[in-house]
Amino acid sequence: YQTTTIDPAVTPYGKIFGVVKYRYQLKLLCESLAAIDVREVEILDGRPGLQQLQAWQENFSHYFLGQREADLLSHYLDAVRSDFIVFTAVVKAGGENSAAELAKSRGASRLSHFGDFVVTSY
(Lines give C-alpha, C1' and ligand atoms only; values in the text may rest on other atoms or scores of the structure.)
Protein backbone atom coordinates (compact mmCIF):
# COMPACT_ATOMS: atom_id res chain seq x y z
CA TYR A 1 0.00 0.00 0.00
CA GLN A 2 1.45 3.30 -1.04
CA THR A 3 0.95 6.79 0.25
CA THR A 4 -0.99 9.04 -2.10
CA THR A 5 0.53 11.44 -4.57
CA ILE A 6 -1.03 14.84 -5.13
CA ASP A 7 -3.48 15.02 -8.04
CA PRO A 8 -5.74 18.07 -7.84
CA ALA A 9 -8.05 16.67 -10.52
CA VAL A 10 -9.21 13.92 -8.16
CA THR A 11 -12.12 14.78 -5.88
CA PRO A 12 -13.50 13.14 -2.76
CA TYR A 13 -16.93 12.57 -4.33
CA GLY A 14 -18.04 8.98 -4.73
CA LYS A 15 -15.75 7.84 -1.93
CA ILE A 16 -16.04 6.68 1.63
CA PHE A 17 -13.47 8.08 4.05
CA GLY A 18 -12.32 6.44 7.23
CA VAL A 19 -9.54 6.39 9.80
CA VAL A 20 -7.34 3.58 11.10
CA LYS A 21 -4.52 3.74 13.62
CA TYR A 22 -2.14 1.12 12.23
CA ARG A 23 -0.91 0.20 8.75
CA TYR A 24 -1.45 -3.52 9.36
CA GLN A 25 -5.20 -2.80 9.50
CA LEU A 26 -5.13 -1.66 5.88
CA LYS A 27 -4.43 -5.11 4.43
CA LEU A 28 -7.50 -6.76 5.95
CA LEU A 29 -9.58 -3.68 5.20
CA CYS A 30 -8.53 -3.63 1.52
CA GLU A 31 -9.06 -7.38 1.12
CA SER A 32 -12.52 -7.13 2.67
CA LEU A 33 -13.49 -4.19 0.48
CA ALA A 34 -12.19 -5.98 -2.63
CA ALA A 35 -14.54 -8.88 -1.80
CA ILE A 36 -17.48 -6.50 -2.32
CA ASP A 37 -15.94 -5.11 -5.54
CA VAL A 38 -14.33 -1.99 -4.08
CA ARG A 39 -11.04 -1.90 -5.95
CA GLU A 40 -9.66 1.61 -5.54
CA VAL A 41 -8.37 2.52 -2.07
CA GLU A 42 -6.18 5.54 -1.45
CA ILE A 43 -4.06 5.97 1.67
CA LEU A 44 -3.71 9.52 2.99
CA ASP A 45 -0.98 9.92 5.56
CA GLY A 46 2.13 11.97 6.17
CA ARG A 47 2.86 15.17 4.29
CA PRO A 48 1.35 14.03 0.94
CA GLY A 49 -1.88 13.02 2.69
CA LEU A 50 -2.05 16.36 4.50
CA GLN A 51 -1.51 18.22 1.24
CA GLN A 52 -4.26 16.29 -0.54
CA LEU A 53 -6.76 16.82 2.28
CA GLN A 54 -5.84 20.52 2.51
CA ALA A 55 -6.32 20.94 -1.25
CA TRP A 56 -9.80 19.39 -1.08
CA GLN A 57 -10.69 21.48 1.96
CA GLU A 58 -9.53 24.65 0.24
CA ASN A 59 -11.61 23.84 -2.84
CA PHE A 60 -14.74 23.30 -0.75
CA SER A 61 -14.24 26.37 1.41
CA HIS A 62 -14.91 28.60 -1.62
CA TYR A 63 -18.48 27.32 -1.98
CA PHE A 64 -21.33 28.01 0.38
CA LEU A 65 -22.77 24.53 -0.10
CA GLY A 66 -19.36 22.96 0.47
CA GLN A 67 -19.07 23.94 4.14
CA ARG A 68 -20.11 20.51 5.42
CA GLU A 69 -17.45 18.85 3.27
CA ALA A 70 -14.81 21.36 4.41
CA ASP A 71 -15.72 20.73 8.06
CA LEU A 72 -15.51 16.95 7.64
CA LEU A 73 -12.18 17.22 5.87
CA SER A 74 -10.82 19.22 8.82
CA HIS A 75 -11.52 16.17 11.03
CA TYR A 76 -9.53 13.98 8.66
CA LEU A 77 -6.72 16.55 8.61
CA ASP A 78 -6.65 16.42 12.41
CA ALA A 79 -6.47 12.63 12.28
CA VAL A 80 -3.44 12.66 9.96
CA ARG A 81 -1.78 15.33 12.11
CA SER A 82 -2.28 12.98 15.09
CA ASP A 83 -0.51 10.13 13.25
CA PHE A 84 -3.63 8.26 12.25
CA ILE A 85 -4.09 6.97 8.70
CA VAL A 86 -6.97 8.20 6.56
CA PHE A 87 -8.16 6.09 3.66
CA THR A 88 -10.63 6.67 0.88
CA ALA A 89 -12.36 4.01 -1.16
CA VAL A 90 -14.21 4.59 -4.41
CA VAL A 91 -17.64 3.01 -4.14
CA LYS A 92 -20.35 2.44 -6.69
CA ALA A 93 -23.62 4.26 -6.17
CA GLY A 94 -25.71 2.29 -3.71
CA GLY A 95 -22.71 0.45 -2.27
CA GLU A 96 -21.61 3.11 0.19
CA ASN A 97 -23.54 1.77 3.19
CA SER A 98 -22.20 -1.76 2.75
CA ALA A 99 -18.65 -0.52 2.30
CA ALA A 100 -18.86 1.75 5.35
CA GLU A 101 -20.31 -0.98 7.57
CA LEU A 102 -17.68 -3.45 6.39
CA ALA A 103 -14.90 -0.92 7.07
CA LYS A 104 -16.29 -0.36 10.57
CA SER A 105 -16.28 -4.09 11.22
CA ARG A 106 -12.59 -4.13 10.24
CA GLY A 107 -11.63 -1.47 12.79
CA ALA A 108 -12.09 1.74 10.84
CA SER A 109 -13.68 4.75 12.50
CA ARG A 110 -14.91 8.24 11.58
CA LEU A 111 -16.51 6.97 8.39
CA SER A 112 -18.18 9.31 5.91
CA HIS A 113 -19.40 9.07 2.35
CA PHE A 114 -19.06 12.05 0.03
CA GLY A 115 -21.96 11.54 -2.35
CA ASP A 116 -22.86 13.75 -5.28
CA PHE A 117 -25.63 15.49 -3.35
CA VAL A 118 -25.44 14.14 0.21
CA VAL A 119 -22.63 13.66 2.70
CA THR A 120 -23.33 10.81 5.13
CA SER A 121 -21.48 10.08 8.36
CA TYR A 122 -21.55 6.58 9.85
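Which residue in S3 does Val19 stand opposite? Val19 stands opposite Val86 in S3, where a strand (E, at least two residues) or a helix (H or I, at least four residues) is a DSSP run, numbered from the N terminus. This is a predicted model, in which local features need pLDDT of at least 70 and side-chain atom pairs count only at pLDDT 80 or more, while totals for chains, interfaces and linings use all residues. Residues are numbered from 1 along each chain as its sequence is written, and side-chain values use heavy atoms, with hydrogens and water left out.

**Confidence**

- The pLDDT, which is the predictor's confidence in each residue on a scale from 0 to 100, has a mean of 88 over the protein, and 88% of the residues reach 70 or more.
- Over residues 1-9 the pLDDT is below 50, and this stretch has 20 contacts in the model beyond near neighbours in sequence, a contact being heavy atoms within 4.5 Å.
- Confidence is lowest in helix H2 (residues 46-61), with a mean of 88, and highest in strand S1 (residues 15-20), with 97.

**Overall architecture**

- The protein has four helices and five strands, and from the N terminus on its elements follow the order β-α-β-α-α-β-α-β-β.
- Of the 122 residues in the protein, 42% are buried, where buried means under 20% relative accessible area, exposed means over 50%, and partly exposed lies in between (1.4 Å probe, protein chains only).
- Among contacts in the protein with a separation of 6 or more, 76% are between residues 24 or more positions apart.

**The sheet**

- The five strands form an open sheet in the order S2-S3-S1-S4-S5 with antiparallel pairing, two strands being counted as paired if DSSP finds at least two bridges between them.
- S2 and S5 stand at the edges with a single partner strand each, so one side of each has no neighbour in the sheet.
- From one strand to the next, the twist averages 20°, with axes taken as lines fitted to C-alpha atoms, for helices over the stretch in contact, and angles running from 0 to 180 degrees between N-to-C directions.
- S1 and S3 run antiparallel and are joined by six bridges, and Ile16 stands opposite Ala89 in S3.
- S2 and S3 pair in the antiparallel sense over four bridges, and Val86 in S3 is the bridge partner of Leu44.
- Five of the six residues of S3 are buried, so this strand is largely enclosed by the rest of the structure.

- In helix H1 (residues 24-35), the buried residues include Gln25, Leu26, Leu29, Cys30, Ser32 and Leu33.
- Seen down the axis of H1, its buried residues fall within an arc of 165°, so they line one face of the helix; the arc is that of the directions from the helix axis to the C-beta atoms.
- Cover for the buried residues of H1 comes from elements including S1, S2, S3 and H4, whereas the face of H1 turned away from its buried side carries the exposed residues Tyr24 and Ala35.
- After H1 comes Asp37, whose phi is positive, near 70°.
- H2 lies across S1 and S2 and runs at about 105° to S2.
- Helix H4 (residues 96-105) packs on the sheet and touches S1, S3 and S4, its direction making about 165° with that of S4.

**Helix H3**

- The 15 residues of helix H3 (residues 67-81) should span 21 Å at 1.5 Å a residue, and the end C-alpha atoms are 21 Å apart, which agrees; the expected span is 1.5 Å times one less than the number of residues in the helix.
- The buried residues of H3 are Glu69, Ala70, Leu72, Leu73, Tyr76, Leu77, Ala79 and Val80, and, seen down the axis of H3, they fall within an arc of 165°, so they line one face of the helix.
- These buried residues of H3 pack against S1, strand S2 (41-44), H2, strand S3 (85-90), strand S4 (109-114) and strand S5 (119-121).
- Glu69 counts as buried at 8% relative accessibility, and, leaving aside its neighbours within four places in sequence, Glu69 is in contact with Tyr13, Phe60, Phe114 and Val119.
- H3 is followed by Asp83, which has a positive phi, near 70°.

**The loop between S4 and S5**

- Asp116 is placed in the loop between S4 and S5 and is exposed, with a relative accessible area of 63%.
- Asp116 and Lys15 are 101 residues apart in sequence, and their C-alpha atoms are 9.8 Å apart in space.
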